[in-house]
Amino acid sequence: MRIKMFENGPIMIDTRERVSIETGDGTEKVTGPIYLCRCGQSARKPFCDGTHNKTGFEGPASEFDCG
């Protein structure tokens, strides 16, 4: 799994396999990579919808390889 935080953007989780993430209104199944909201303003939480571009969100970049 690889986790990457984009500068001023979302968190990407690349599981390289099918995963299930439970949202407030049910479960959405997706195949990685998954982009999670980091600005807190997405209408599709926990998923990113690009709102960080409009809100001026600022956050550092970082990357982790979890094996």
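The largest nonpolar core of this predicted model comprises six residues, namely I13, V19, I21, I34, L36 and F47, where a nonpolar core is a set of buried Ala, Val, Leu, Ile, Met, Phe, Trp, Tyr and Cys residues joined through side-chain atoms within 4.5 Å. Two or more residues of this core are given by each of strand 3 (18-23) and strand 5 (34-36), with strands (E, at least two residues) and helices (H or I, at least four) taken as DSSP runs numbered from the N terminus. In soluble globular proteins, nonpolar side chains tend to be buried together. I34 touches I11, M12, I13, V19, I21 and F47, not counting residues up to four places away in sequence, contact being defined by heavy atoms within 4.5 Å.

H52 lies in helix 1 (residues 52-55) and is buried, with a relative accessible area of 12%; buried denotes under 20% relative accessible area, exposed over 50%, and partly exposed in between (1.4 Å probe, protein chains only). With residues up to four places away in sequence not counted, H52 touches N8, G9, P10, C39 and F57.

M5, found in strand 1 (residues 2-5), is partly exposed at a relative accessible area of 22%. Residues touched by M5, again not counting those up to four places away in sequence, are P10, I11, R38, P60, A61, S62 and F64, and the C-alpha atoms of M5 and Y35, 30 residues apart along the chain, are separated by 9.4 Å.

Residues are numbered from 1 along each chain as its sequence is written, and side-chain values use heavy atoms, with hydrogens and water left out. In this predicted model, local features need pLDDT of at least 70 and side-chain atom pairs count only at pLDDT 80 or more, whereas totals for chains, interfaces and linings use all residues.
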